[in-house]
Amino acid sequence: MAGDDWRGWVLYQVYPRSFQDTTGDGIGDLRGITARLDHVASLGVDGVWLSPFYPSPMADFGYDVADYRGVDPMFGTLADFDALAARAHALGLKVVIDQVWCHTSDRHPWFQSSRLDRAGDRADWYVWADAKADGTPPSNWQSVFGGPAWTWDARRGQYYMHNFLSAQPQLNLHHRPVQDALLDVARFWLDRGVDGFRLDALNFAMHDPALTDNPAEAPGRGVWPRTRPFDFQQHRHNQSQPGMMAFVEQVRALTDSDGGRFTVAEIPGADSGAERRAYVAPGRLNTAYGFDFLYAPDLTAARVHAAMAQWPEDAGWPAWAFCNHDAPRAVSRWAPEADRDAAARMALMLLLCLRGVVFLYQGEELGLPQAAVPFERLADPEAIANWPHTLGRDGARTPMPWTTDTPWAGFSTVEPWLPVDPRHPPLSVDAQDGDPDSILNLARRLIALRKGREALRTGAYRPVDAPEPLIAFERGDAESRLLCVFNPTAAPVPWSLPEGWGLVAGGGGVAPSLAPYGAWVAEWIA
């Protein structure tokens, strides 16, 4: 990976369970991804990011890893992965894979060994602690998925920590043998030809060894409304520890030693801007993304400009996603059903005009809305535990619709693991592929526009004054300037392109108003 070519990348996220089933079990697999890579390449993206496909009991659908060096049989084999990577590279696509280093599955051999013996070789590979004198957990830390972040283990006679499910025990990254083992995992996949890593929830990977209680979060701050005990705390001690940076620098040294592979950290948190910048400081990771847009209930100029303001030109390089496997689809958060098509087009154009690496989630190029999944079909443990206050992640994980008139939208020959929303088949790839005015073909044109304009790939970002509620900014420099303007509402907004600008993308020409969910990209031609 030469120089800074990655800075303008568009990466396409594939959620393997829901992309394409080739074995007839209702679950997507690696061969299915390989079979559909031509579609991904047709978008013009730079690569794919694959969510976990490793052996796992699937308590959290692959984010509870039982073997970092294998492929779960439901997804295929290591040979299938090698074939996928070879086909991707033949199509000019990079391959980025998830690495989950905060925790493992409780079925992982490392944990099975650790829980049996306080003096064994892996005794300190996980976060263990004695109970308080009254038998209660050693700190007040709470799990993201609800309840204490501690579970009692009778075999060892101690509590073990888990920031997420109890089936996901926390690795002790303070322990050098654990760091070395994870770096060896990274080497294993680099040797198989992967082009980079997406590091899951990386700021959760190291805890305060003193097990200091977290302070309460002030009312109205953080996540609101509060639906979990986790939301009531400031997470000062169960995550975001300064010792992580030394480990991150080891990761960067490893990837640099193998030709400069790509690294992106997922950094959750309501106030994660400064933390993300720390992860991408010189000698650390390439980029990081947070949740500025992933759970945002609306799209406003203030929100966009605030997100961009966290990344001045001397502060590293950001990454952005509007959708992923954990968040409700943006078009359903930001527009009513009647305006879905127009809003999807506007959101795609905005995403692809932002300064930073861009992640496009499968189905986003089709304008898919959030799927409706009835309670009896829910699979997501978070959704089941918190029903009906949070609808969970299943609605963003339903099968990819490939065809309109075949059972289960061409995803499988049998009933899939999650239902196909009836609104999705009419938006399938085959329905949109031949229509030049479809959202799919708009996505292709916008990605080509981004790749063909250095101002969009790597240019500076400068907010532009415009009447509310318009989102307006310039990209580029003195020699190449683009003006990007978006209307995120269902009403037209009076405004005209200033003199000296010529339209290069978007609808409505240079009319005296920007249409509902309209978008313009113009270049300076005067």
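Let me open with a lining: in the largest cavity, it splits into 7 nonpolar, 1 polar and 2 charged residues. One caution before I go on: this is a predicted model.

So where is that cavity? About 90 Å³ of space lies in it. Its lining is made up of Cys323, Arg329, Ala330, Val331, Ala344, Ala347, Leu348, Glu364, Gly367 and Leu368. Two elements give two or more residues each: α9, at 330-334, and α10. The largest share is from α10, with 3 residues.

How many cavities of 30 Å³ or more are there? The count is 2. The second largest cavity holds about 30 Å³. Look for Tyr15, Pro16, Arg17, Ser51, Pro52, Phe61, Tyr63 and Phe75, which line the second largest cavity. That lining divides into 6 nonpolar, 1 polar and 1 charged.

Which elements supply at least two lining residues each? They are α10 (340-353), α13 (439-452) and β16 (501-506). By type, the lining of this pocket has 11 nonpolar, 4 polar and 2 charged residues.

Now the surface. Phe375, Ile384 and Trp387 form a nonpolar patch there. Together they have about 290 Å² of accessible area. Find Phe375 in the loop between β11 (357-361) and α11 (381-386).

On to charges. The model has 32 salt bridges.

Pair one is Arg176 with Asp180, at 2.8 Å from N to O. Both sit in helix α5, residues 176-191. They are 4 residues apart, so about one helical turn separates them. Arg176 is partly exposed at 46% relative accessibility. Asp180 is partly exposed too, at 32%.

Pair two is Arg377 with Glu415, at 3.1 Å from N to O. This pair links distant parts of the chain, 38 residues apart. Arg377 is in the loop between β11 and α11, while Glu415 is in the loop between α11 and α12 (429-433). Arg377 has a relative accessible area of 25%, so it counts as partly exposed. Glu415 is partly exposed at 43%.

What about cover? Arg462 is partly exposed at 43% relative accessibility, whereas Glu474 is buried at 10%.

Then the network. Salt bridges link Asp60, Asp326, Asp380, Glu382, Arg393 and Arg397.

Where does it lie? Arg261 is in the loop between α6 (244-257) and β8 (262-266). Arg261 counts as buried, because its relative accessible area is 17% and the cut-off for buried is under 20%. Now go 28 residues along the chain, to Tyr289. The C-alpha atoms of Arg261 and Tyr289 are separated by 17 Å.

That is the tour. Thank you.

How values were computed:
Residues are numbered from 1 along each chain as its sequence is written. This is a predicted model: local features need pLDDT of at least 70, side-chain atom pairs count only at pLDDT 80 or more; totals for chains, interfaces and linings use all residues. Side-chain values use heavy atoms; hydrogens and water are left out. Ala, Val, Leu, Ile, Met, Phe, Trp, Tyr, Cys and Pro count as nonpolar, Asp, Glu, Lys and Arg as charged, and the others, Gly among them, as polar. Patches are made of residues with over 30% relative accessible area and no salt bridge: like charges are joined within 9 Å, nonpolar side chains (Val, Leu, Ile, Met, Phe, Trp, Tyr) within 5 Å. Accessible areas come from the Shrake-Rupley method with a 1.4 Å probe; for residues, only the protein chains shown count as cover. A salt bridge is a side-chain nitrogen of Lys or Arg within 4 Å of a carboxyl oxygen of Asp or Glu. On a 1 Å grid over the protein atoms alone, a cavity is a set of points where a 1.4 Å probe fits but cannot get out, and a pocket is an open set with protein on both sides within 12 Å along at least five of seven lines; lining residues have an atom within 4 Å of a point. Grid points are joined across faces, edges and corners, and a volume is the space filled by probe spheres set on the points. Buried means under 20% relative accessible area, exposed over 50%, partly exposed in between (1.4 Å probe, protein chains only).
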